[in-house]
Structure formats: structure tokens, C-alpha cells
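Colleague: I've got the model open and want to learn how to read its strands and rings. Can you walk me through it?

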Amino acid sequence: MKTILLALALIVASTSTAFSITPPSDDDDKVQIHCNSATGNASIVWSDTRIEFIEIVASNGQFMPTIPVSDAKSLHMNDLMNGTYTLIFKTSSEELYRKAIVVNK
């Protein structure tokens with residue numbers, strides 16, 4: 001009985017390790033954001049071809065829809081209102097990167 005329990009514990013431990021999810025990295029060099037917080041202009045450039053959508057979440061309540069990027073490699077956002085914006089770079093099924101910009105005019 002102890003042998004069966006030990007074997008079961010090893011299977012559960014190895015299964016939970018195999019399916020662990022690594023959170024998206026903020027330090028990845030495949031996504032670069034250049035923001036001029038005085039003007040509210042931002043340029044976003046990426047080299048990861050898996051990126052299909054950019055979701056923008058504004059802390060000030062401003063509504064911004066998810067943006068399909070198709071084959072684009074950059075996006076320019078001008079005249080943003082003051083606030084913190086979180087940009088989420090995604091495929092159709094997973095989040096790849098998460099970056100934040102702060103605008104304070």
C-alpha cells in the first residue's frame with residue numbers, strides 16, 4: 001500500500017511540474033515601447049511574429065478596444081490622456097508580454 005501511495009505521489013509531483021506556467025516576461029527585448037510622457041505620444045515596436053493582438057487597459061477608465069495587428073510590426077499611439085496604460089501582447093489564445101507606460105502631461 002505504501003508503495004502505491006509513493007508511486008501516486010511521484011506521478012502527481014511530476015505532472016504538476018510538467019504543466020507549470022511561466023508568466024509573461026516584462027524584460028523581453030522583442031517588444032519595445034518609447035513613450036514621451038510630456039506629449040502623450042507612444043511608439044510600440046515588436047519583433048515577435050506570434051503577436052496577433054494588442055489589448056490596452058487604461059487605469060483612468062478610458063475605453064480602448066483590442067487591436068488586431070495582422071502583419072504589422074509597430075503601432076503609434078498619439079495624444080493619450082494622463083494615466084497608466086498596460087499593453088498586453090497576445091496570440092488568439094495566450095498572453096505573451098505585458099508592458100506599462102505612464103503619461104503625465
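Modeller: Start with β6, residues 83-90, which pairs with β7 in the antiparallel sense over eight bridges. Strands are DSSP runs of E, at least two residues, numbered from the N terminus, and two strands pair if DSSP finds at least two bridges between them. This is a predicted model, so local features need pLDDT of at least 70 and side-chain atom pairs count only at 80 or more, while totals for chains, interfaces and linings use all residues. Residues are numbered from 1 along each chain as its sequence is written, and side-chain values use heavy atoms, leaving out hydrogens and water.

Colleague: Which residue stands opposite L87 in β7?

Modeller: That's K99.

Colleague: In what order do the strands of the open sheet come?

Modeller: β4-β3-β6-β7, with antiparallel pairing. The edge strands, β4 (67-68) and β7 (95-103), each pair on one side only.

Colleague: How do I read an aromatic pair?

Modeller: Use the distance of the centres and the angle of the planes. Rings of Phe, Tyr and Trp (its six-membered ring) pair if their centres lie within 6.5 Å; planes under 30 degrees apart are stacked, over 60 edge-to-face, the rest tilted. Here W46 and F89 make a tilted pair, 6.3 Å centre to centre with 55° between the planes. W46 sits in β2 (residues 41-46) and F89 in β6, so the pair ties together parts 43 residues apart in sequence.

Colleague: What joins β2 to β1?

Modeller: Six bridges, with β1 (residues 31-36) and β2 running antiparallel. Q32 stands opposite V45 in β2. The two strands form a hairpin with four residues between them, and G40 in the turn has a positive phi of about 85°.
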